[in-house]
Amino acid sequence: MADLRVAAEVKDLTRIERIGAHSHIRGLGLDDALEARAVSQGLVGQTSARKAAGVITAMIKEGKIAGRGVLLAGQPGTGKTAIAMGIAKSLGAETPFAMIAASEIFSMEMSKTEALTQAFRKAIGVKIKEETELIEGEVVEIEIDRPASGAVAKTGKLTMKTTEMETIYDLGVKMIEAIQREKVTAGDVIAIDKASGKVTKLGRSFARSRDYDAMGPATKFVQCPEGELQKRREVVHVVSLHEIDVINSRQQGFLALFAGDTGEIRPEVREQIDGKVAEWREEGKAEIVPGVLFIDEVHMLDMECFSFLNRALESDMAPILVVATNRGITTIRGTNYRAPHGIPIDLLDRLLIINTQPYGEKEIRKILDIRTEEEDVEVTDDAKDLLTKIGVETSLRYAIQLIGAASLVAQKRKAAAVDVEDVSKAYTLFLDVQRSVQYLQEYAQEYMYNEVEAVEDGQAGEEDAADMQQ
């Protein structure tokens, strides 16, 4: 394990397109997926928070935020997760982004600190540079000898050319399988990695663009390569430290990444990996790419986890820590002490705090326009006005949830678009928080274990409803 199997197996990781790099997209629900798309289209509102996030992004790119983190604090539904995703997208595709919910670490079959350590190392990338020999050219002809017995083809010949030369290569069984897997035909421009035997189809030659083939719109045409067929090229792979940990802690190598729960990884393995990565950095073979670790609902962490974060932020190879919470002054989990956002003061001192504000009427209308378009629901302007009014008086999320319900109501009456009557029908069928609290107060005696006494005064009832909603 002294050489770290990642050096040999990093080529295999490229086949799965950097498993850990885009974990912020994998496993998201509809709401998060639409939110992620809204990031790419442009966020609505939160001008101050977005400006602050822009400053943070610039500091990250210049490496001036080491040892600190960012806290996104605001009411539910004010776009905290969307801003964190926006920061990750602004840093580029190669920047690792790990996203976890704080409550996740309590459900894993490992210690809390191990779960946080793995999350930290998922957000730290290692850019490994190596020189590799490639055979790059246009396929002139492929001849594969198929035995009469019907067995698998054993031998074959591949004729490739550039603008200056043409060569015939003998093919073995593995190369024949790789070429057939990529569906390579005459006229394709391909690249073959001599070390791993990986075949990559670069496109179709311009010389074959006039052939009357059934080609789809995704067909890419490229020029026939120049110079010699065999070339040396520097290839860059980006893998996360956690991927290297898993590869070196399991017998099955990189296939362990697909096994799901990786279990606890011994500290000795991590120390050896850190030492080897430091050696590669000195030799110029690798460089560290600090990413972003986003912890949602950070108030769910307990005192031990907060102490670990305090120490982890001081590490030399610490990612940018972005945490989010919607709590006010509340009890720190695992203690009897109260603190702002449920986070200890010593950790809050290390965080740059960005506040998100509630959305105004115009912003809610714009968000609803985007949401109806994404859900492919036709809504009349009057119905959108009503939804906007509901969003202002109740909450944005409640108004968004009514879109789908109103759409089904409209389908039932065979209407082409959602109208005011459909929104009104959905509004009467599904209660918002305030009306639910009011209902509970009116029928308090009918429920078991009710701790709120019935209030006759309407104003007091409204105040209690507001408090309960908070």
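I started with the surface: the accessible area of the protein comes to about 26,100 Å², and 49% of it belongs to carbon and sulfur atoms. Accessible areas were taken by the Shrake-Rupley method with a 1.4 Å probe.

I noted that this is a predicted model, in which local features need pLDDT of at least 70 and side-chain atom pairs count only at pLDDT 80 or more, while totals for chains, interfaces and linings use all residues. Residues are numbered from 1 along each chain as its sequence is written, and side-chain values use heavy atoms, with hydrogens and water left out.

**Overall**

I looked up the secondary structure and found 16 helices and 15 strands; these are DSSP runs numbered from the N terminus, helices being H or I of at least four residues and strands E of at least two. Of the 470 residues, 43% are buried (under 20% relative accessible area, 1.4 Å probe, protein chains only).

**Sheet**

I traced an open sheet of five strands with parallel pairing, in the order β2-β11-β12-β1-β15. Two strands pair if DSSP finds at least two bridges between them. β2 (97-101) and β15 (351-356) are at the edges with a single partner strand each, so one side of each has no neighbour in the sheet. From one strand to the next the twist averages 20 degrees (angles run from 0 to 180 degrees between N-to-C directions, with axes fitted to C-alpha atoms, for helices over the stretch in contact).

I then checked β11 (residues 292-296) against β12 (residues 320-325): four bridges join them, and V292 stands opposite I320.

Helix α5 (residues 112-122) packs on the sheet and touches β2 and β11, its direction making about 155 degrees with that of β2. Helix α3 (residues 47-61) lies across β1 (69-74), β12 and β15, at about 150 degrees to β15.

**Cores**

I looked for nonpolar cores, meaning sets of buried Ala, Val, Leu, Ile, Met, Phe, Trp, Tyr and Cys residues joined through side-chain atoms within 4.5 Å. The largest has 29 residues, and L293, I295, L301, F306 and L309 have the most contacts inside it. Elements giving two or more residues to this core include β1, β2, α5, β11 and β12. Beyond its neighbours within four places in sequence, L293 is in contact (heavy atoms within 4.5 Å) with residues including A98, F120 and V322.

A second, separate core of 22 residues includes A383, L387, Y398 and A406.

**Helix pair**

I finished with α12 (residues 381-393) and α13 (residues 396-412), which pack at about 145 degrees with axes 7 Å apart. L387, I390 and G391 in α12 meet L396, Y398, A399, L402 and I403 in α13.

Notes
Buried < 20%, exposed > 50% of the residue type's maximum accessible area, 1.4 Å probe, protein only.
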